[in-house]
Amino acid sequence: MTADRAVLAGRSHPVTSDQSTRRAYARLGITWPEWRSVALLAACIFALTQAPPTAERLFGSTDRVHVGTYWYWADFSQYLSAMREAATTGSLLVHDHLTAEPHTPALIYPLYAAIGVAAAASGLPILSVYTIVEALARLALPFAIYAYMASLLERPGARIAATLLAIFAASLGIWALFVSKLLNLGLVDDRALNTTVEATTFGLFFIAPHVPLGLAATLVAALLYVRAA
């Protein structure tokens, strides 16, 4: 409702459309059935993305490190180095193992350093703690996306549709690569995926946990900021 229409309706303090938007933004009003629908969606995505690495961890070669990072898998060696050093030192400050120059430990790869510290404190294997964080990241992202959509849309059906679109929509490069690989056409170079994985939300369910956790934290931070303001 605009200010003019509010005045015609006899309101002494008209509510502008901007004020209405902010008020709706801060009050999500998500019902329990909605959360159950999101939980079911998160469970389906979790099963889809975790089944291959779980099978590999259980039945794969024992001389390999198996992780659920499908893309940018070469970067995992950096994260594993940070986890191992933090587990040894008990500190979140680690060295950059990509350089031969002498330097003091710094706060880099903080999530993975924290995983190493947690593994040392709990006595669990490093990769077990990493797997837990990986799973939590993939479960948290659908809830964060839905909460954000709920701040913008009123009808539950519209919220679900927007969440599905946000999660499963992708750039044409992603789908072209999938189809090319599926049919063995060789039409798209593998490097096309590396240039578009950050452009599709669905790709974040197949990558190292700091990326989906980063998006989830960004969405929740926006909601908390508006609520506080």
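The legends below walk through several close-up views of a predicted model.

In this predicted model, local features need pLDDT of at least 70, side-chain atom pairs count only at pLDDT 80 or more, and totals for chains, interfaces and linings use all residues. Residues are numbered from 1 along each chain as its sequence is written, and side-chain values use heavy atoms, with hydrogens and water left out.

**View 1. The protein chain has ten helices and zero strands.**
Helices (H or I, at least four residues) and strands (E, at least two) are DSSP runs, numbered from the N terminus. Following the sequence, the pattern reads α-α-α-α-α-α-α-α-α-α. Of the 229 residues, 33% count as buried; buried means under 20% relative accessible area, exposed over 50%, and partly exposed in between, with a 1.4 Å probe and protein chains only. Contact here means heavy atoms within 4.5 Å.

**View 2. Helix H3 (residues 32–59) meets helix H7 (residues 156–168).**
Two packed helices are described by the angle between their axes and the distance between the axes. Here the axes come within 11 Å and cross at roughly 20 degrees. Axes are lines fitted to C-alpha atoms, for helices over the stretch in contact, and angles run from 0 to 180 degrees between N-to-C directions. H3 and H7 are therefore roughly parallel to each other, given that angles under 35 degrees count as roughly parallel, over 145 as roughly antiparallel, 65 to 115 as roughly perpendicular and the rest as oblique. The crossing of H3 with H7 is right-handed; a crossing has that hand if the near helix is turned clockwise from the far one by less than a right angle, and is left-handed if anticlockwise. On the H3 side, look for Glu34, Ser37, Leu41 and Ile45; H7 brings Pro156, Arg159, Ile160, Thr163, Leu164, Ile167 and Phe168 to the contact. Sorted by class, this contact has seven nonpolar, two polar and two charged residues. For the classes, Ala, Val, Leu, Ile, Met, Phe, Trp, Tyr, Cys and Pro count as nonpolar, Asp, Glu, Lys and Arg as charged, and the others, Gly among them, as polar.

**View 3. Helix H6 (residues 126–152) crosses H7 at roughly 130 degrees.**
The two axes come within 9 Å, and the angle makes H6 oblique to H7. This crossing, too, is right-handed. H6 contributes Pro142, Ile145, Tyr146, Met149 and Ala150, while H7 contributes Pro156, Arg159, Ile160, Ala162, Thr163, Ala166 and Ile167. The contact of H6 with H7 divides into ten nonpolar residues, one polar and one charged.

**View 4. Glutamate 34 and arginine 159 are joined by a side-chain polar contact of 3.0 Å.**
A polar contact is a pair of N or O atoms within 3.5 Å; within protein, one must be able to donate a hydrogen and the other to accept it, and residues adjacent in sequence count only if both atoms are side-chain atoms. Glutamate 34 lies in H3 and is buried, with a relative accessible area of 6%. Arginine 159 lies in H7 and is also buried, at 5%. The side chain of arginine 159 also reaches the backbone oxygen of alanine 150 at 3.3 Å. Not counting residues up to four places away in sequence, arginine 159 touches Leu28, Gly29, Ile30, Glu34, Tyr146, Met149, Ala150, Leu153 and Glu154. With the corresponding neighbours left aside, glutamate 34 is in contact with Gly29, Tyr146, Pro156 and Arg159.

**View 5. Alanine 208 sits in the loop between helix H9 (191–196) and helix H10 (210–228).**
Alanine 208 counts as buried, at 3% relative accessibility. Its C-alpha atom is separated by 8.2 Å from that of tryptophan 73, 135 residues apart along the chain. Beyond its neighbours within four places in sequence, alanine 208 contacts Thr69, Tyr79, Tyr112 and Tyr130.

**View 6. Tyrosine 70 is found in the loop between H3 and H4.**
Tyrosine 70 is partly exposed, with a relative accessible area of 29%. C-alpha to C-alpha, tyrosine 70 and phenylalanine 205 are 9.2 Å apart in space and 135 residues apart in sequence. Setting aside residues up to four places away in sequence, tyrosine 70 touches Thr49, Pro52, Pro53, Arg138 and Phe206.
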